[in-house]
Amino acid sequence: MDYYGSQISRLIEQLSALPGIGSKTAQRLAFHIVNMPIEKVQALSEAVVDAKKNVRYCRQCFTMTDQELCPICSNPKRNARQIMVVENTRDLAAYEKTGRFEGVYHVLHGAISPMLGIGPGDIRLKELMARLQGEVEEVIIATNSSLEGETTAMYISKLIKPAGILVTRIASGVPVGGDLEYIDEVTLLRALEGRVEL
Ligand code: ZN
């Protein structure tokens, strides 16, 4: 790609390393950026650096936030007795978009996968168990319906049930192997409403 000159090639290379950005999109973005006013480019690069520097995990639910407690955990109107367990922050965002879930979340940051060598100790399970010391009435397991998601759901259910807490699993309206983040809001709501006890 050196026919563009090394500076722009470097920019294209950096952009195409991002997920979902192929080399054509990377080129289009790179040309767009070099044609932007310098102030806009500076604002963009500052936003990237600031986000990276300041974003951290909520100390309660482990979603990404820039405060110690995320806006959901610190909202007194949310029902802290109902915890929805999701694999990642994007899944949390998918459910938040429905605007109908009033409980709180717990983000595992992954799922158990014996094949990939990801065990229970590699996701935020310990942290979930610690939260159950409080007054929790229901844990809704909303991991993906992939093999890993189901394995994780079963593992969590076995871990929590002896504590006498209601454990439910979102309904299988979510297609098998489907990533929650790509599923429409109606299907997500149906899956939540049709959840079954484990
Ligand atoms: Zn939180």
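Which strands does helix 6 (residues 147-160) lie across? To find out, select helix 6: it lies across strand 3, strand 5 (138-141) and strand 6, and runs at about 170 degrees to strand 6. Helices (H or I, at least four residues) and strands (E, at least two) are DSSP runs, numbered from the N terminus. Axes are lines fitted to C-alpha atoms, for helices over the stretch in contact (heavy atoms within 4.5 Å), and angles run from 0 to 180 degrees between N-to-C directions.

This is a predicted model, in which local features need pLDDT of at least 70 and side-chain atom pairs count only at pLDDT 80 or more, while totals for chains, interfaces and linings use all residues. Residues are numbered from 1 along each chain as its sequence is written, and side-chain values use heavy atoms, without hydrogens and water.

Five strands form an open, mixed sheet in the order 4-3-5-6-7, where pairing requires at least two DSSP bridges. Its edges are strand 4 (103-107) and strand 7 (196-197). Helix 4 (residues 89-98) packs on the sheet, touching strand 3 (79-86) and strand 4.

Then select the zinc ion. Its protein donors (N, O and S atoms within 2.8 Å of the metal; water is not among the atoms, so sites may look incomplete) are the SG atoms of C58, C61, C70 and C73, lying 2.3 Å from the ion. The site is tetrahedral, with angles of 106 to 117 degrees among the four donor atoms; four donors qualify if all angles lie between 85 and 135 degrees.

Finally, select C58, which is buried (under 20% relative accessible area) at 0%.

Conventions
Donors are N, O and S atoms within 2.8 Å of the metal (3.2 Å for Na, K and Ca); water is not among the atoms, so sites may look incomplete. Four donors count as tetrahedral if all angles lie between 85 and 135 degrees; four count as square planar and six as octahedral if opposite donors are over 155 degrees apart and all others between 65 and 115; anything else is irregular. Buried means under 20% relative accessible area, exposed over 50%, partly exposed in between (1.4 Å probe, protein chains only).
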